[in-house]
Amino acid sequence: MRPLDLTEKEPSRKVTVYFEGKAYEAYEGEKITVALLANGIYWLTTSTEGRKRGAFTFGPVPMVVNGTRNVNARKTKVRDGMRLERQGYGDFQETVEIDEGKPVERLVVDVAVIGGGPAGIGTVLKVQDHLTVALVEEKGWLGGDLWLKGLPQKGFGEKSPQEVVRELTGKFNENVSVFKGTIALGVFDKGEYFLVPIVTGENQLIEIMAKRVVLAVGAVDNIHLFENNDMPGVFRRSDLLEVLNVWGVAPGRKVAVVGSKPEEITAELDRWSIEYIVVPNPKRVEGDEKVERLIDTNGNVYEVDAVIMAEGRRPDINPPTQAGGKLVFKHGYYTPVLDSQHRIRDGIYVAGSAVSIKPHYANYLEGRLVGAYILREFGFDAEPCIHAERLKEYEPEAVQVQSIDFGSLNLEDVQICGCDVSLRKVDDVVRSGITDLQIIKRLTHLAMGFCQGRFCLFNGAVVVSQRTGTPMDRLDIPVARPPLKNVRMKVTAGRD
Amino acid sequence: MPSKELPERSEIVIIGGGIIGVTIAHELAKRGEEVTVIEKRFIGSGSTFRCGTGIRQQFNDESNVQVMKRSVELWKKYSEEYGFSFEQTGYLFLLYDDDEVEEFKRNIAIQNRFGVPTRLITPEEAKDIVPLLDISEVIAASWNPTDGKADPFHSTAKFALNAERFGAKLVEYTEVKDFLIENGEIKGLKTNRGVIRTGTVINATNAWAKLINAMAGIKTKIPIEPYKHQAVITQPIKKGSINPMVISFKYGHAYLTQTAHGGVVGGVGYELGPTYDLSPTYEFLREVSYYFTKIIPALRELLILRTWAGYYAKTPDSNAAIGKIEELSDYYIAAGFSGHGFMMAPAVAEMVADLVTKGRTDLPAAWYDPYRFERGELRTTAIQMG
């Protein structure tokens, strides 16, 4: 077993990869980032301003793979003999293969569901008997955040989350086309239908034409603001759960859990008997190539080799705003404004944790509810009110907004965004009197990088709100623009 | 630049706080005039906010070449004085057939006549300037090393700051609702934050110029329509990878360059409208990817981070309307820049300030005569791109 393996891997799948010239054990099917973590390697790339970065918090992970620069290590699987090297953010491949690209495919369906978590699955199961559906999921698995959990979840009985997901998706019928490892570039209104261009793992562009669209796009982890929060060895909640429960790899031998919702993490760490300490008030992490210690605001020093941000999640507001939706601030987060049938506008529905933070089972119910609305629109018998009643049993959870300790933090070292935007940069602009997030974006580059603000825009709003006293609900949040997820230019360059 | 109280009166009021309005205010204030800019959102928030960075002197008529020659002198002067970045990294027009080469030879002759040092260069010379170029189909290029680029928002902010230093007032989040007119004379403007008394108004609202003209009751036909143009930005790459603005008429009227931050930015000719809608379209994403990767194949493997849209305020000959409107005293217009207003701003500011303070200017203002549309005297269509 490798230093951080939690489970024995299948020996027949064993391969060798070379990182910076040294041989390491890996297993077929593993992502590069996970294989390297299992071998105790955290530092994979260097930001434009020279900050060392790992794979499990914000920012991109470009690497040199077999001599090719700028390969996304998060999405690339290991192969035997693979040569891996670090690179900086700005390195790119100057000579490229030129081909005509793959011809664009088209698919016509009744409903396009973006997001394959419990909500998306719920919608599919509700409508599949009468309508054709395309289910688009960015990850390589269905089940979304539920799939990452190791412990049984409320509402689904005593079954393991993976069992629940397998059972539900096992019921999909021939009306359902499932696209895993697939990103959606946006939702475009064509009058007669909605165009949802998607890109599958093999760089295939498919134009889905759908009469209705469901945004079951989920929520994203909150980024906790402390010094060196971008350092290799810092994990977002969902990345931690993924390495543990999907890949059977530990984040480290001894870890610290920070943030307002440690209980979401500690139970999972207990399950794997990983030693941890809960530190509610982190100030700074330090280390040479990776996290070696955490220091809290009282000056206590904890020797750890990873830090987990357990700060809860907030709806991913990018897909709804790109599709033309408006936002409102409720329960500690921005959420799309919905009509009485869960629509941001005619034809576009939202369900699951994209609407509000609540248990997985409630998200599943909400997916079914939206499915029922759609069925009724198409003239089939459906009983949305039954689902609506059951959904009422689940109050949306409030998420605590971090109170930033501007006085004691070295703002220079706190990263608000993965693209070299420090809290200092944003705070300086806000304190100069500029409080419009549009201008802050332009002056600091906040929300203008790879994540389109998914992980930083909220904290940018928090800075404005806390520095000026303006309530969060009064701030004007910039809308997302296509593509919703980064796409290589060659994919959209193909001509029909 | 926090928003200020609306003054009770001001000698001159400029409607519109984009690069044009702000540079005019800067020029007037510097000359000692009392001037106020009224902007409905924040300074630089309209098309300036969405603009592509390019500054070029490679036009195809005498007037635009002269104006841009002056403008580049001013870009140089003010970027040094006020400390914003203006890089003279050149403009490179890629040419693919004999007709294009002939046309550019004519343009280059006009440019050279006014001291703009454009040259026709070989494909290999072009590749020396931008090593990433695919020159397999290029037969020549038009190259002027004194063209350049600047960040539209940063430069507007610096002009604004210095306009204020010279005494101009910049009022943000204030929208003009109507004109107060008595006997053909402007008495003031009604805004959502009260009335401002003034005798002289300059309409610098570009895409919204029509609306302001209507409020002023102008009968003269000045056709300015908003068109949706879009832009793209890629992931940041090593600085200095694409220094000049690279232009290809053959490939979709594409323009592209690298920003100071490192991303490759640009657009294509793809135009929608007239419309005030600004939602980016999927068709643009396809077009821009196809054309850009033809010009620079290495872009194939770069990630597209974002697209956005902005207005070209277009006139029928792609030249702005700049001048005094005689039917109302004293009303001026500087609008309809048709996609190349940012680069012209410092010279236009000088031109308008001359007209307002002296009634005449040494710059060739007649070319932009607002009455030319009504007279049916359209100009040679200006090169619109980048």
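Predicted model: local features only at pLDDT ≥ 70, side-chain atom pairs only at ≥ 80, totals over all residues.

Me: How much space lies in the second largest cavity?
Reply: Residues are numbered from 1 along each chain as its sequence is written, and chains are lettered from A and ligands numbered from 1 in the order in which they are written. A cavity is a set of points, on a 1 Å grid over the protein atoms alone, where a 1.4 Å probe fits but cannot get out; grid points are joined across faces, edges and corners, and the volume is the space filled by probe spheres set on the points. For the second largest cavity, that space is about 80 Å³.

Me: Which residue of chain B lines the second largest cavity?
Reply: A lining residue has an atom within 4 Å of a cavity point. From chain A the lining includes A:N318, A:K441, A:Q452 and A:R481. By class it has five nonpolar, two polar and three charged residues, where Ala, Val, Leu, Ile, Met, Phe, Trp, Tyr, Cys and Pro count as nonpolar, Asp, Glu, Lys and Arg as charged, and the others, Gly among them, as polar. The lining residue from chain B is B:R306.

Me: Which helix gives the most to the lining of the largest cavity?
Reply: The largest cavity holds about 200 Å³ of space. It is lined by 17 residues, and A:V220, A:P315, A:G453, A:R454 and A:F458 are the closest to its centre. Two or more lining residues come from each of strand 16 (219-221), strand 24 (313-315) and helix 12 (457-468) of chain A; helices (H or I, at least four residues) and strands (E, at least two) are DSSP runs numbered from the N terminus. With three residues, the element that gives the most is helix 12 of chain A.

Me: Which domains each give at least three residues to the lining of the largest cavity?
Reply: Domain bounds come from an automatic or database domain assignment. The lining divides into nine nonpolar, four polar and four charged residues. At least three of its residues come from each of two parts of chain A: domain 2 (105-220 + 315-393) and domain 3 (406-495).

Me: Is B:V201 buried or exposed?
Reply: B:V201 sits in strand 13 (residues 200-203) of chain B. Beyond residues up to four places away in sequence, B:V201 touches (heavy atoms within 4.5 Å) B:V13, B:I15, B:F179, B:I186, B:L189, B:D330, B:Y331 and B:Y332. Buried means under 20% relative accessible area, exposed over 50% and partly exposed in between, with a 1.4 Å probe and protein chains only. Because its relative accessibility is 0%, B:V201 counts as buried.

Me: What is omega for the peptide bond that joins B:S329 and B:D330?
Reply: B:D330 lies in the loop between strand 19 (321-325) and strand 20 (331-335) of chain B. Most peptide bonds are trans. The bond joining B:S329 and B:D330 is cis, with omega about -15°.

Me: How far apart are the C-alpha centres of domain 1 and domain 2 of chain B?
Reply: The assignment for chain B gives domain 1 (1-88 + 148-224 + 316-385) and domain 2 (89-147 + 225-314). Their contact takes 36 residues from domain 1 of chain B and 41 residues from domain 2 of chain B. The distance between the two C-alpha centres is 26 Å.

Me: What is phi of A:D420 near?
Reply: A:D420 is found in the loop between strand 29 (415-417) and strand 30 (421-422) of chain A. At 5% relative accessibility, A:D420 counts as buried. Its phi is positive, in a residue other than glycine, and is near 65°.

Note on methods:
Heavy atoms only, no water. 1 Å grid on protein atoms, 1.4 Å probe; cavity = no way out; pocket = protein on both sides within 12 Å on 5 of 7 lines; lining within 4 Å.
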